Amino acid sequence: PDSSSTATAPSSVRFFAYGDTRSHPEIHNELAAEMLSMVKAAPSFGSFALVSGDLVAAGLRESDWYEQFFIPTKAPSVQQLLSQIPFMACMGNHEASRWNWIYDYNATLFRQKFPYPYVDPTTFYWSFFYGPNVQFFIFDQYHQYEAGSRQLRWLEQGLSQSTAKWKFLVYHAPGYTCGSHHNPRKVPEMIKVRTLLEPLITKYNVQVTFGAHNHVYCRYDVNGVQHLTLGGGGAWLYNVTDFKLPNSMLMCG
C-alpha cells in the first residue's frame with residue numbers, strides 16, 4: 001500500500017504489544033520500567049511498541065496527554081521508553097473523546113502527536129513493514145469501513161499484494177474477546193470485525209490480530225488465527241468473562 005514504510009530488522013522479530021494505557025500513568029510507568037529492563041537484558045526487544053489504542057482517557061483534551069502520557073513526574077519510565085523505541089499506535093475510541101460522551105473522530109491531538117503516514121489525511125489507517133517478512137496493517141474502526149469503502153479496499157489490496165510471510169492486523173476493538181465489551185450486541189465494532197474483516201483475515205492468511213478495548217488479556221484461537229486482546233496497559237482491569245465460541249480456543253487472565 002502507498003502508506004507502508006520499512007525498517008531494518010533481524011530474521012527473528014521481537015516487539016512489545018499492549019493497549020489501554022489511559023487513566024493510570026503510574027501503572028503504565030511500571031510496565032514501561034519492566035520493558036526497559038527487558039530491552040537492557042535483550043536488546044532485540046528494542047524494536048518498537050505496538051499500542052492498540054486508548055492511550056489517554058480524553059484524547060481531545062490537551063491536559064489528558066500531559067497528565068496521563070507525556071508526564072515525566074508520574075511516568076518517567078514511559079518517557080524513557082518513548083525516547084528509546086518507536087511507538088506504533090492505532091486510534092481508540094478515547095482518542096476521540098472529551099470524557100463526557102461527546103466524540104470528535106477527527107482526533108486532532110492524536111494526529112498531531114502521532115503523525116504516521118496515514119493513507120487519507122482525514123482518517124487513521126496505514127501500514128508498515130518490519131524487515132521483509134512482517135507487515136502490520138493499522139486499521140481505523142472509527143471512520144467508514146463498510147463494504148466497498150476506501151479503507152476496506154485498501155486493506156484487501158494491501159493484504160493481497162503483500163509479500164510478507166507474517167501479516168498482522170491491528171485495531172482497537174477486537175472481534176473476539178472477553179470481559180465487559182465481549183457482547184457483539186453491545187459493541188458494533190465486534191460485528192463489523194467478524195462480518196467485514198474476518199473474511200479478509202481468512203482469505204489472505206493474516207496470522208494474528210491485535211486489539212485492546214477490554215481491559216484484560218485474552219487470546220482466542222479461531223480457525224487457526226490468533227485474536228489477542230491486550231488491554232492491560234494502565235486502565236483499571238475488567239472481570240474476565242468466559243465467552244466461548246465454536247471453533248475457538250480461549251485463554252484469558
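1. D120 is buried, at 15% relative accessible area (buried means under 20%, exposed over 50%, partly exposed in between, with a 1.4 Å probe and protein chains only). R150 is partly exposed, at 43%. The two form a salt bridge, their closest N and O atoms being 3.3 Å apart (a salt bridge is a side-chain nitrogen of Lys or Arg within 4 Å of a carboxyl oxygen of Asp or Glu).

2. This is a predicted model, in which local features need pLDDT of at least 70 and side-chain atom pairs count only at pLDDT 80 or more, while totals for chains, interfaces and linings use all residues. Residues are numbered from 1 along each chain as its sequence is written, and side-chain values use heavy atoms, leaving out hydrogens and water.

3. The whole structure holds six salt bridges. In another of them, E62 pairs with K113 at 2.6 Å between the closest N and O atoms. E62 lies in helix 2 (residues 62-68) and K113 in helix 4 (residues 108-113), so the pair ties together parts 51 residues apart in sequence (helices are DSSP runs of H or I, at least four residues, and strands are runs of E, at least two, numbered from the N terminus).

4. K203 and E156 also form a salt bridge, at 3.6 Å from N to O. K203 is exposed, at 55%, whereas E156 is partly exposed, at 30%.

5. The largest nonpolar core has 49 residues; L50, F87, F110, F114, F136 and F210 touch the most other members (such a core is a set of buried Ala, Val, Leu, Ile, Met, Phe, Trp, Tyr and Cys residues joined through side-chain atoms within 4.5 Å). Helix 1 (residues 25-41) gives the most to this core, four residues.
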